[in-house]
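Have a look at the sequence and the model before reading on.

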Amino acid sequence: MPAAISPRQAAAALTEYWSPRVIGELDDSYLKVAKVLGTFGWHCHDDEDELFVILAGHLRIELETGAVELGEGELFVVPRGVRHNPVAAAECLVLLIERKSTLHTGSEVTARTRSIAQQLGGVDPADAPVQG
Ligand code: NI
């Protein structure tokens, strides 16, 4: 049964910061939502681009060449191989599109690292329930 997905509602329903949840698939990529607050930490994805879409709030993505300030409805693609550090001064809801092989903390393994199984929440993304 086809049904619309509200990424903003799915992100708002999350209870843990910086813990992405898969809400769908697009070819070889996952669609993920996250609720973020504070500083994530510097990392890099050597072989994958990473798309950030701001659903609510404001996100600053620090890059070694400067910082990008993103407001609601804006997006930014972090190119592969570019070190970045997402920072949210206040709670922010984000949609991420990342290749399935992407590790969200990149080559760093930190307290924030979540496995794909954790991001899938134990369900097939095609059947993932969306709150709301
Ligand atoms: Ni990243």
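What follows goes from the overall fold to the metal site, then to one residue in a strand and to the salt bridges.

**The overall fold**

Keep in mind that this is a predicted model. The protein chain has two helices and seven strands, and along the sequence they come in the order α-β-β-β-β-β-β-β-α. With a radius of gyration of 14 Å, close to the 14 Å that the globule rule gives for 132 residues, the protein chain is as compact as a globular protein of that length. If you draw a box along the principal axes, the C-alpha atoms of the protein chain fill roughly 45 × 25 × 25 Å.

How much of the protein chain is buried? Buried residues account for 42% of the 132 residues.

**The nickel site**

Now for the metal. Which residues coordinate the nickel ion? They are H43, H45 and H84, each through NE2, and E50 through OE, at 2.1 Å. Along the chain, the donors of the nickel ion follow the spacing H-x1-H-x4-E-x33-H.

Why is the arrangement around the nickel ion irregular? The four donor atoms subtend angles of 85 to 169°, and four donors count as tetrahedral only if all angles lie between 85 and 135 degrees. For comparison, the ideal angle for four tetrahedral donors is 109.5 degrees.

Are the histidines H43 and H45 buried or exposed? H43 has a relative accessible area of 2%, so it is buried. H45 is buried too, with a relative accessible area of 3%.

**A look at I54**

Next up is I54, which sits in strand β3 (residues 50–56). At 2% relative accessibility, I54 counts as buried. Leaving aside residues up to four places away in sequence, I54 touches L59, L70, G71, E72, G73, E74, C92, L93 and V94. One of these, E74, is 20 residues from I54 along the chain, and the C-alpha atoms of the two are separated by 5.7 Å.

**Salt bridges**

Side chains of opposite charge can pair when their charged atoms come close. In this model, the count comes to eight salt bridges. Here are some of them, with the distance from N to O:

| Salt bridge | N to O distance |
|---|---|
| D28 and R99 | 3.9 Å |
| R60 and E62 | 3.2 Å |
| E69 and R60 | 2.4 Å |

What does the salt bridge between D28 and R99 tie together? D28 lies in the loop between β1 (21–26) and β2 (29–39), while R99 is in strand β7 (residues 84–99), so the pair ties together parts that are 71 residues apart in sequence. D28 is partly exposed, at a relative accessible area of 45%, and R99 is partly exposed as well, at 32%.

The other two rows of the table have R60 in them. R60 is partly exposed at 31% relative accessibility. Through salt bridges that share partners, R60, E62 and E69 are joined into one network.

Conventions: Residues are numbered from 1 along each chain as its sequence is written. This is a predicted model: local features need pLDDT of at least 70, side-chain atom pairs count only at pLDDT 80 or more; totals for chains, interfaces and linings use all residues. Side-chain values use heavy atoms; hydrogens and water are left out. Donors are N, O and S atoms within 2.8 Å of the metal (3.2 Å for Na, K and Ca); water is not among the atoms, so sites may look incomplete. Four donors count as tetrahedral if all angles lie between 85 and 135 degrees; four count as square planar and six as octahedral if opposite donors are over 155 degrees apart and all others between 65 and 115; anything else is irregular. Buried means under 20% relative accessible area, exposed over 50%, partly exposed in between (1.4 Å probe, protein chains only). Helices (H or I, at least four residues) and strands (E, at least two) are DSSP runs, numbered from the N terminus. The radius of gyration is taken over C-alpha atoms; the globule rule is 2.2 Å times the number of residues to the power 0.38. Contact means heavy atoms within 4.5 Å. A salt bridge is a side-chain nitrogen of Lys or Arg within 4 Å of a carboxyl oxygen of Asp or Glu.
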